[in-house]
Amino acid sequence: MSATTVTAAPPRRLLTEERVATGLVGLLCLLLLLAIALPLWALLSKSFLDDQGRFVGLANYARYFATPVLVQSLLNSLFVATLATTIVIPLAFLYAYALTRSRMPAKGLFYALALLPIFAPSLLPALSLVYIFGNQGFLKDLLFGASIYGPIGIVMAQVFYCLPHATMILVAALGLADGRLYEAAKSLGTTRWRMFRTVTLPGAQYGLVSAAVVVFTLVITDFGIAKVIGGQFNVLATDAYKQVVGQQNFAMGAVVGMVLLVPAVLAFFVDRLLRRRQVALLSARAVPYAPQPERRRDLLLLGYCILVGGLVAAVLGVAVWASFIRYWPYNLSFTLANYAFAEFDPDGWQPYLNSLWVAGLTAAIGTPLVFVGAYLLEKTRAVPLGRALAQLLAMLPMAVPGMVLGLGYVFFFNAPWNPLGILYGTVAILALNCLAHFYTVAHITAVTALKQIDGEFEAVSASLQVPFWVTLRRVTVPICLPAILDIAVYLFVNALTTVSAVIFLYGPGTKLASIAIVHMDEAGAIAAAAAMATCIVATAIGVKLLHLLLDAVLFGRAQRWRAR
Amino acid sequence: MTTAFRFEPPAGEMPAAAGRTAAPAFLRVRSLTRRFGSFTALDRIDLEVARGEFVCFLGPSGCGKTTLLRTIAGLDRQDEGSIEIGGRDVSTAPPADRDFGIVFQSYALFPNLTVTDNVGYGLVNRRMPRAAIAARVAELLRLVGLPDQGRKFPVQLSGGQQQRVALARALATSPGLLLLDEPLSALDARVRLHLREEIRALQRRLGVTTIMVTHDQEEALAMADRIVVMNHGVIEQIGTPEEIYRRPASAFVADFVGTMTFFEATAAGPGQVRVGTRGLRVDAGATGFPADGTPLRLGLRPEEVRIRGVTTGDDNAFEALVEDLEFLGPFCRARLSARDAPGFELLADFSANLMRDLDIACGAVLRIALPPGSLRVFPRRDDRGGNGAPA
Amino acid sequence: MRRWLLAAGAALALAFGSGTADAQTRTRVTIYTALENEQLAPFKQAIEAAVPGVEVVWVRDSTGVITARILAERENPRADMIMGLAASSLLLFEGMNLLEPYTPAGAEALKPAFRDTTPPVTWTGMDAFLGVICYNTVEGRRANTTAPTSWRDLTRPEFRGRLVMPHPASSGTGYLMVAMWLQMMGEEQGWRFMDALHENMAVYTHSGSAPCVQAARGERVAGISLDMRGARERTQGAPIEVIIPAEGTGWDMEAVSIVRGTRNLDAARRIADWAATRGANELYSRFYAVVAFPGVTNTPPNYPANAEERMFRNDFTWMAQNRERILAEWSRRYESKAAPRN
């Protein structure tokens with residue numbers, strides 16, 4: 001065709017693309033089945049068996065609902081979840097409103113403040129509240145004699161813990177406002193309150209419901225807070241723990257797990273339904289709303305944000321501060337003694353190192369796995385049935401509370417017949433469990449990133465006889481690097497802070513920092529627990545800062561092809 | 001395809017007759033069928049493309065043209081039928097074994113690679129010496145007119161330049177078949193015009209067998225050696241641009257390619273049809289004319305309406321009133337109505353010269369003739385094709 | 001991507017490798033224990049020094065949890081040994097044939113009360129622990145009350161919501177207290193006493209040492225807790241008194257056993273031998289006032305002087321046999337009232 005002719009023949013491939021893709025999809029399905037589906041199945045089936053492994057139908061459930069203690073926990077869980085949700089949502093809404101609809105200064109700072117709790121295990125706010133409102137708390141009198149140990153403490157800690165999740169959703173919802181509607185309303189002389197009711201609220205209603213659903217689920221499924229500050233107030237998650245760890249009553253633990261699954265699954269489907277509708281609501285021609293400066297409103301909202309953001313920082317700060325106190329409340333001198341963990345826990349600093357190890361492993365294995373998995377589902381055409389199955393399994397963990405997944409792991413991996421039982425109690429199973437627990441969000445992140453890149457890259461590569469894995473490496477991964485980093489940091493931080501799933505799974509020598517917090521708190525060493533929580537928070541925030549730095553480099557000069 | 005009266009050509013014969021070319025076929029598609037659920041995207045497609053030919057798949061969106069292209073490429077798998085490329089049956093081969101280059105509407109350039117790396121993408125994988133790759137890439141960039149842009153990233157190029165890079169990349173491995181999937185649709189009108197000439201010239205020069213999918217009939221007419229007009233998953237007609245334009249095989253083709261005025265008509269003896277109360281003469285053609293009373297659809301391109309030197313004795317001559325004029329630059333499109341037959345309306349194109357010479361304006365009465373050889377006769381079917389007379 | 005897979009594989013290998021690297025050189029003996037956290041490191045050190053070629057891996061939790069865990073794992077035991085677990089639990093296991101009979105060399109030198117006298121010999125005593133009241137004097141003054149001198153004092157209304165004790169299902173201390181009251185007062189009176197006590201109880205903690213820590217920090221006025229924890233908190237400067245009521249207090253013995261079916265029987269036997277030595281008992285006595293070896297005493301500072309004389313005469317067999325029944329009754333009475341208390 002021209003001066004230089006291409007004579008080199010395409011290299012002979014033993015591994016054809018289709019075979020590789022099929023194999024990888026098969027592997028992914030197998031892994032997801034092992035990590036997600038089978039443990040859940042084990043939990044489900046366990047709830048129908050008695051201690052001797054005989055099928056007893058719904059007998060365990062009947063026993064559950066005939067036991068007043070357990071039913072009371074269910075009601076308690078619903079109660080605190082409802083209360084926490086009704087408090088968090090207005091709080092977060094106003095906060096998000098201030099961040100999106102005002103011209104107050106330092107929005108970035110305040111947004112970051114509201115997100116802080118994400119980097120802490122849920123145990124931390126509970127520990128802080130003990131110092132603030134406990135029987136020796138410095139603001140104890142504010143409770144007018146009521147006890148922090150119980151629903152009050154649980155709800156307060158949950159508000160702190162859930163605030164970032166609600167704020168993120170509501171900031172996104174309010175940020176999508178269509179400026180044209182406000183212009184229209186203004187030109188019609190609408191009062192501000194009416195505008196809020198007729199334009200702002202309806203525009204954010206799906207965000208509000210979605211946030212409420214997320215918060216409700218978080219509260220119902222959280223274990224750490226109720227464990228530390230629940231006192232005699234039992235909730236579902238602590239019941240599951242007591243049944244399984246305290247009394248080794250696995251059948252009843254399985255039933256509690258199944259009960260725990262119900263609200264979470266319901267919430268999941270409500271949320272999905274709403275999300276689908278919200279997409280239809282958004283018009284492509286919307287003009288972003290740009291708030292006008294307005295001194296009084298901006299000042300008021302700024303004051304509000306200082307208050308709420310300040311409180312969040314204060315709750316976090318109290319735990320950090322308490323970790324350096326020698327003997328609360330009788331000796332307030334500074335000490336590092338609480339960080340000498342060997343004094344409080346047989347494993348000393350080992351749990352912290354284990355946590356780093358598990359979080360690192362989760363991120364190191366999870367990130368490529370999630371991304372390649374999403375790539376296979378999104379960009380290849382091999383085994384449609386297998387891909388559909390993997391897709392379903394990838395979305396499943398979203399609806400499964402950590403506690404439930406953890407129980408499933410106990411039943412599945414600890415079963416005498418299971419050769420994978422050798423994994424029980426190892427770092428590997430902890431990392432696998434964390435990965436499974438947080439798979440969905442990571443998967444969605446990867447899929448979203450992949451959907452944004454040209455769908456024809458694979459076709460072009462095929463036409464150029466370049467196998468898809470080369471294109472994945474040379475093109476797809478570099479383009480998606482920011483999303484890949486997001487996934488890695490997300491997995492790392494969550495594996496570091498989670499407690500609910502792993503509490504059932506650690507073994508000799510593999511106790512995690514978050515579990516050490518639970519144990520130290522159980523033994524009354526609350527200052528050491530706060531110290532360990534401080535280590536986790538510091539690490540998580542450090543990793544996030546590193547991430548921001550890397551991101552800045554990625555989008556900076558190093559990759560000028562990312563021009564807007 | 002020279003006969004306008006063969007409404008329903010015997011199955012397989014029409015496409016085959018047109019699809020067969022003198023040169024040995026490079027691409028041979030047989031009875032290709034693709035279904036998506038209950039929807040049939042491709043319905044027993046037969047097609048042959050000769051080596052070095054430039055073929056356009058033309059049709060409205062959803063007609064199956066892109067599916068056909070993707071199936072040929074192996075990016076989509078047919079349910080039935082076979083595909084041969086260069087004498088090799090590739091019906092079940094993966095795309096990588098089909099020896100084609102492809103260019104997409106979206107360019108699909110790798111944004112993180114330089115122009116040079118994009119063009120050399122397929123070469124690197126072949127373990128060619130680095131110097132040979134560099135030489136080949138430089139040559140290709142020269143070929144598409146971007147000799148100095150090798151170190152830029154795609155975002156730094158205009159749309160037209162990006163598409164040239166995509167073209168160079170597709171040609172880099174010297175594929176036997178070049179597939180272009182709406183390559184010009186994303187470009188500005190001027191760039192599009194320019195690039196289509198370049199692509200055509202390049203294709204002629206390299207002699208690479210090329211298939212281009214487009215929904216733009218003008219593009220197809222200007223570029224293709226042959227056009228494959230598709231609708232509802234079947235091929236309506238295959239032919240040279242001129243054949244397609246002058247002798248559309250169906251009302252659909254006639255309406256889709258160019259503009260045509262349609263009349264509801266009935267057969268009234270050999271070479272005679274009736275439109276409302278008016279009788280018109282048409283070419284009887286070689287094969288039998290439909291029986292009297294057969295419902296027909298009559299089509300006439302606006303530029304075929306005769307106006308100069310029309311006398312009363314001419315075939316199909318009558319007086320028409322200029323109802324409306326639409327200014328289209330070099331020419332005007334007039335809506336005419338027959339004075340003696342209310343409701344008989346048609347479109348006619350008049351060049352600017354003619355307008356001036358004959359002093360044509362709204363309300364003017366003209367004597368026009370509809371040449372029998374220009375009147376196309378189609379069967380009347382309501383489920384397909386043009387939607388009847390304008391107005 | 002292949003590179004990723006390799007990296008992932010290497011990481012996995014490391015993950016496993018870190019756990020098994022030492023295994024080839026030393027025998028890993030997994031010991032389930034309810035010993036206090038701070039005891040584990042010195043015990044491990046001492047065992048590994050005394051029994052060469054052994055690596056101790058602790059699995060530590062509260063008495064109730066460890067007990068439940070061993071019961072749950074009875075089909076598929078994961079522990080090689082049990083150490084520092086309440087004798088009442090070990091008796092339960094013995095009844096279920098979960099323990100390997102073994103008499104450690106030199107066990108005959110131990111105090112008779114610390115020896116398993118009925119064959120098969122499955123456990124050997126180490127030390128005894130008592131339930132005590134940790135009373136915070138500062139908070140007591142603030143609450144306008146005085147130190148309790150009898151168990152019944154704890155039911156006084158000033159203590160309402162200001163007491164804490166371990167949960168008997170999870171904590172060995174918790175169970176021995178409940179069992180002691182029932183034995184001391186008789187079942188009917190015992191339950192009635194606990195009904196009244198429950199009115200004052202702010203919380204039942206998971207572990208046996210937490211109540212004393214909470215009292216020491218002033219979070220509660222008084223906590224029913226493990227004796228040694230009380231002495232320790234006091235020594236650290238907490239304003240507490242460690243009180244043993246006049247009627248006497250419950251106690252349990254901690255003992256060592258080998259789990260039936262262990263794959264490290266030899267190493268486990270050698271560890272059990274060590275556990276009965278004078279040296280080992282000297283180590284115990286660093287943490288416990290009462291140990292199995294005669295003549296070894298080391299009363300820690302702030303430990304109640306009258307402890308040994310106030311140890312209630314305990315029937316371990318009764319404790320073991322009635323454990324399930326008592327816990328069920330306890331749960332029925334006090335866990336269904338899940339409402340928070342101040």
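This is a predicted model: local features need pLDDT of at least 70, side-chain atom pairs count only at pLDDT 80 or more; totals for chains, interfaces and linings use all residues.
Close-up 1. A salt bridge here is a side-chain nitrogen of Lys or Arg within 4 Å of a carboxyl oxygen of Asp or Glu. The rule finds one salt bridge across the interface of chain B and chain A. Seven residue pairs across this interface are in polar contact, both at pLDDT 80 or more. A polar contact is a pair of N or O atoms within 3.5 Å; within protein, one must be able to donate a hydrogen and the other to accept it, and residues adjacent in sequence count only if both atoms are side-chain atoms.

Conventions for every view: residues are numbered from 1 along each chain as its sequence is written, and chains are lettered from A and ligands numbered from 1 in the order in which they are written. Local features need pLDDT of at least 70, side-chain atom pairs count only at pLDDT 80 or more, and totals for chains, interfaces and linings use all residues, while side-chain values use heavy atoms, with hydrogens and water left out.

**Close-up 2. The face of chain B that meets chain A.** Chain B brings 38 residues to the contact and chain A brings 32 residues; contact means heavy atoms within 4.5 Å. About 3,300 Å² is buried between the two chains, 59% of it from carbon and sulfur atoms. Buried area is the accessible area (1.4 Å probe) that two parts lose on being put together, summed over both. B:Asn112, B:Tyr121 and B:Arg126 supply 20% of the area that chain B buries against chain A, more than any other three residues.

Close-up 3. Eight residues of domain 1 touch seven residues of domain 2. The two domains bury about 610 Å² between them, 48% of it on carbon and sulfur atoms. B:Tyr245, B:Pro248 and B:Ala251 supply 70% of the area that domain 1 buries against domain 2, more than any other three residues. One salt bridge crosses this interface. B:Glu304 and B:Arg246 meet through their side chains in a salt bridge (3.6 Å, N to O). Helix H9 (residues 241–246) of chain B gives the most to the domain 1 side, with three residues. Helices (H or I, at least four residues) and strands (E, at least two) are DSSP runs, numbered from the N terminus.

**Close-up 4. The interface of chains A and C.** Of the two pairs of chains in contact, chains A and C share the most contacts. Here 61 residues of chain A meet 56 residues of chain C. The buried area is about 4,700 Å², with 59% from carbon and sulfur atoms. Nine residue pairs are in polar contact (both at pLDDT 80 or more). H13(A) gives the largest share of the chain A side, six residues. That side has 35 nonpolar, 20 polar and six charged residues. Ala, Val, Leu, Ile, Met, Phe, Trp, Tyr, Cys and Pro count as nonpolar, Asp, Glu, Lys and Arg as charged, and the others, Gly among them, as polar. Chain B and chain C do not touch; their nearest C-alpha atoms are 16 Å apart.

Close-up 5. Chain A is divided into domain 1 (75–322) and domain 2 (342–564). Their centres are 24 Å apart, taken over C-alpha atoms. The contact takes 34 residues from domain 1 and 32 residues from domain 2. About 2,700 Å² is buried between these domains, 82% of it from carbon and sulfur atoms. In domain 1, A:Phe119, A:Leu127 and A:Phe268 lose the most area to domain 2, together 23% of what that side buries. The count between the domains is one salt bridge. A:Glu522 and A:Lys227 meet through their side chains in a salt bridge at 2.9 Å, N to O.

How values were computed: Domain bounds come from an automatic or database domain assignment.
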